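Please look over the sequence and the model shown here.

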Amino acid sequence: MPVADRQRYFRLALTGYLEAAAQPRESLLVVAEPSIAILFFYGIARLLPPELRTELSFSTFEAAADRLVTALAALTFDDEQAGGDVPEERYKRGFTINTWLPDRASPLRYTQGRYADVLLSSLIGRPDADAAVRGRSIDGLLAGFQAAGVRKVTELEATAQAHAAVAQILQPEPHAPYESWRKSPQQKAYVATAVRQQLCGSSDPAVLDRFLKSPGHLPLVFEIALGAADGPDGCGAALNYLVERIEPLEQLDPLLGTGQLARHYKLHALRHYVAAHHRLPDRCRWLWTDQPAASPGSPPLPVELLHTGAVTSPVLRASLDRVPDSALNLFFRAVLTGPFDAVGKHDVLARITARSTFDMASLVAELKDDLTSHAAELRPVLLPRLHKILMHVPDHPERFAATMDTFEASRPIWFGDPAAASIQGWLELERLLDGYQQAGEQQSVLALGAKGPQRWEFEDQAGTCLAPCLGTASGATSPAEACQRLARFGCSLTQHYGIGYCLAEESETYLSAVLRQDTAARQRIRESAEVTKTERTTRRLNSVTKIFVGLTVALFVVLFAVFWRR
């Protein structure tokens, strides 16, 4: 049989095996000389991924075409029967090739020969290469199918469709690749493996420069070829070469923000970008949110970047406007613990705290131990913000508990400050309210409120707590107004905490007198409250007496009427 015919029939036999495998319990039947059949069967086994070879069974001499039990079967005729054929029905089952008759084979229904074309192009499409080179080429292709997760013979043909996409992606002027490979996990894995092998194994910068000149194509290369963690061995140089030369970096924000690229490559790209532009990139959201899933204890990406020494104080100032509001605290912490000069650090931290969206409460909660270790650096930038919060505590009773949490967490900052007494007073008031609230959970609120002495004791204690806060009441034009404002705020807090002490009309006046340290006024209010209480009690008794007398008279009249009739 001529070489060209053997190649044509072998391609058909390999495709025919995939065709037969797509049908339950069917076989490939080759009608040929046994020496030809065994070569074909060996070639089919050699061109299958190793895991799929275990499914093969073969027979090179079958007596009857209608009782095949092996995956690969061969049948031949003696010299007198040369040119014979098998029954027509056999051509409708599995796949049958008759080499004795020209163009005599089953029709292809499930395959189109893509897998055979991919493998044979490396085997017989390179006549100048020696056997060892062609063998390694075949092994590389089979490894790609195996890495793609192909576990069934029926998946080979579909996965081979992705081979065309590899060729298109690697063209000097890439065209839109065949997109259906994205729909199959096996095809996507095959494309990624094949492209990765060629790119990472290349030492020619011209190969990588092609992608840098095609910004629309570069993200595809990262996505399908260089996306696995650190990539395979030898990919580091290719990745570094690409990320160092990406321009503009902001165009890759959606891609670099995913897990497609290892963190150290992102840092490598950022260092080169900062060196060239003297600022951090715009719109790179991943810069502030990327954190290694495998190492949850590692510092966030901005902290790691700022601690490399690649970012200077001028770069920080130039980049501050590009920091999103959601990342202000993260940026603050990175600058605070970074290797920057004291003047530059203070300037940047002060600018962050001056932004209207800066959240003081969440920052002090996140800083924790850093508040103590960096207290000297934090006081100049955080104290003005704390003073502002302190002045407006009475304006926001609904945020009282959260504000107290902020004061408590930031104690290392305000300790020793002139405003410390006022802050401590508010904290004491919160503890007082918490204590009375817990007592109120054990007894009736109305019963507690009805006990006059306990009520006055509470208001005296509240006034003691609020007294140091008089000087920090914003909007008050006089001490008397400050006392009245704080008294009104204190009463609103007791209602918010569910404490029934400040429900009476004179409560606010009494608390104001406590703040003014007006003992005479406090005594008058107490006496007036007691008189009012006595009058209310007397009125209640009089009402009860009148009702009792009325009922008695009515009963007497009824009884008199009954006896009179008798």
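Two strands pair if DSSP finds at least two bridges between them. Helices (H or I, at least four residues) and strands (E, at least two) are DSSP runs, numbered from the N terminus. The model is a predicted one, in which local features need pLDDT of at least 70 and side-chain atom pairs count only at pLDDT 80 or more, while totals for chains, interfaces and linings use all residues. Residues are numbered from 1 along each chain as its sequence is written, and side-chain values use heavy atoms, with hydrogens and water left out.

Begin with strand S2 (residues 58–59), which runs parallel to S3 and is joined to it by 2 bridges. Here Phe58 stands opposite Leu72 of S3. On to the next pairing: strand S3 (residues 72–75) is also parallel to S1, with 4 bridges between them. Val30 faces Ala74 across this pairing, and the bridge partner of Val31 is Leu75. S1 is joined by 4 bridges to strand S4 (residues 95–98) as well, again in parallel, and there Leu28 stands opposite Phe95.

In a regular strand the side chains alternate between the two faces of the sheet. Strand S1 (residues 28–31) is covered on both faces: Leu28 and Val30 on one side, and Leu29 and Val31 on the other, are all buried (under 20% relative accessible area, with exposed over 50% and partly exposed in between, using a 1.4 Å probe and protein chains only). In S3, Leu72 and Ala74 point one way, Ala73 and Leu75 point the other way, and all are buried.

Next comes a helix. H5 (residues 131–147) has 17 residues and spans 24 Å from its first C-alpha to its last, close to the 24 Å expected at 1.5 Å a residue; the expected span is 1.5 Å times one less than the number of residues. Its buried residues include Ile138, Leu141, Leu142 and Phe145. After H5 comes Gly149, with a positive phi near 85°.

How many cavities of 30 Å³ or more does a search of the whole structure find? The search finds 1. A cavity is a set of points on a 1 Å grid over the protein atoms alone where a 1.4 Å probe fits but cannot get out, and lining residues have an atom within 4 Å of a point. The largest cavity holds about 40 Å³ of space, a volume being the space filled by probe spheres set on the points, which are joined across faces, edges and corners. Helices H24 (420–442), H26 (452–466) and H27 (479–496) each give two or more residues to its lining. Among the lining residues are Leu429, Phe458 and Leu493.

Notes: On a 1 Å grid over the protein atoms alone, a cavity is a set of points where a 1.4 Å probe fits but cannot get out, and a pocket is an open set with protein on both sides within 12 Å along at least five of seven lines; lining residues have an atom within 4 Å of a point.
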